Amino acid sequence: MLIHPMPDPIALQLGPVAVHWYGLMYVLAFALFIALGRVRIKQPHIAAQLWKKEDLDDMLFYGMMGVIIGGRLGEVLFYEPVKYFSDPIEIFKVWHGGMSFHGGFLGVLIAMSLWARKSGRNLLDVYDFIAPLVPLGYAAGRMGNFINAELPGRVVSDQSLPWAMLWPDIRYPLHPDPVFLQGLRHPSPIYQMLIDGLLVFVLLWIFARKERPRLAVGAFYTLLYGCARFFTEWFRTPDWETTVLGLPITSGQVLSLPMIVGAILMLVWAYKVRQRGRAPIISKA
């Protein structure tokens, strides 16, 4: 049995300014985007497309806006609309946690479409370029969730599971003694960090090291993440749950299904176009 370490969510206090671990994880995610991007632009098939370091810096600004705005709106609209609309000021308190990946994903797609239009690049090429830069940033975000004791897992069926964890109940932050949720639980943010983040990154990075048909890399990431999230979501206490054909399905799984279906269709399209000779390489414009 493990006990959640319950670290102080504030990493650094500078007078009246509190620097939260959750915010630092986003800084780390953006730094990883730049670092991995600089490695990626040196890969021969990417260098041939004339990507530059300046492109990375420019895309990062657009991507940050997409992640923050899309992620927060996704959390508000997809998961807890009653909570946020009853106290609208809470929507702006992003340091308290609560960012939806699916909302952030849509936000980044929109932001990158704006950047592609501005830069004159093909939108599908942009998606293919940035896809391998995303999973490690996602992993950093899930570590932020763990530090904040967000996204508790379901109660484990086997209480002897070595990594089953006592999880703090964050509804009682001022209680003099630690207050835990009932039952030992799956540490679901760690599952998602390792599977949805690190594992997806390794598989996608290997796939993206070689030239692929236009849209194949972006579609493969969407498929990997959708499948990984559909799996790991089962171990997380759902924000809401419904039943389809007599089977329970959680909110995160519902949002992941369109990603999986859409990714399969995109992959089929990408390789069919490649076979017909319409897009033999990824190119600018």
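Analyst: One thing first: UniProt annotations may be inferred rather than shown by experiment. With that in mind, the unreviewed UniProt entry lists Arg142 under "binding site". Also, this is a predicted model.

User: Where does Arg142 lie?

Analyst: You'll find Arg142 in helix α7, which covers residues 135-147.

User: Why does Arg142 count as buried?

Analyst: Buried means under 20% relative accessible area. Arg142 comes out at 6% relative accessibility, so it counts as buried.

User: And what is Arg142 in contact with, leaving aside neighbours within four places in sequence?

Analyst: Contact here takes heavy atoms within 4.5 Å. By that rule Arg142 is in contact with Leu151, Pro189, Gln192, Met193, Arg229 and Arg236.

User: What makes something a nonpolar core?

Analyst: The residues have to be buried, come from a set such as Leu, Met or Phe, and be joined through side-chain atoms within 4.5 Å. The largest such core here has 26 residues. Those with the most contacts inside it include Trp51, Met112 and Phe129.

User: Which elements give two or more residues to this core?

Analyst: Those are α1 (21-40), α3 (53-79), α5 (101-119), α6 (123-130) and α8 (188-208). The top contributor is α1, with six residues.

User: What does Met112 touch, not counting residues up to four places away in sequence?

Analyst: Met112 touches Met59, Tyr62, Gly63, Leu123, Val126, Tyr127 and Ile130. Apart from this core lies another one, of 22 residues, with Leu215, Val217, Ala228 and Ile260 among them.

User: At what angle do α1 and α3 pack, and why is α1 called roughly antiparallel to α3?

Analyst: The angle is about 150 degrees, with the axes 10 Å apart. Angles over 145 degrees count as roughly antiparallel, and that makes α1 roughly antiparallel to α3. The crossing is right-handed. On the α1 side the contact includes Tyr26, Phe30 and Phe33, and on the α3 side it includes Lys53, Leu56 and Asp57.

User: How do α3 and α5 pack, and which residues meet?

Analyst: Their angle is about 145 degrees, with axes 6 Å apart. The crossing of α3 and α5 is right-handed. Among the residues that meet are Gly63, Gly66, Gly70, Gly71 and Gly74 in α3, and Gly103, Gly104, Gly107, Ala111 and Met112 in α5.

Definitions and conventions: Residues are numbered from 1 along each chain as its sequence is written. This is a predicted model: local features need pLDDT of at least 70, side-chain atom pairs count only at pLDDT 80 or more; totals for chains, interfaces and linings use all residues. Side-chain values use heavy atoms; hydrogens and water are left out. Helices (H or I, at least four residues) and strands (E, at least two) are DSSP runs, numbered from the N terminus. Buried means under 20% relative accessible area, exposed over 50%, partly exposed in between (1.4 Å probe, protein chains only). Axes are lines fitted to C-alpha atoms, for helices over the stretch in contact, and angles run from 0 to 180 degrees between N-to-C directions. Angles under 35 degrees count as roughly parallel, over 145 as roughly antiparallel, 65 to 115 as roughly perpendicular and the rest as oblique. A crossing is left-handed if the near helix is turned anticlockwise from the far one by less than a right angle, and right-handed if clockwise.
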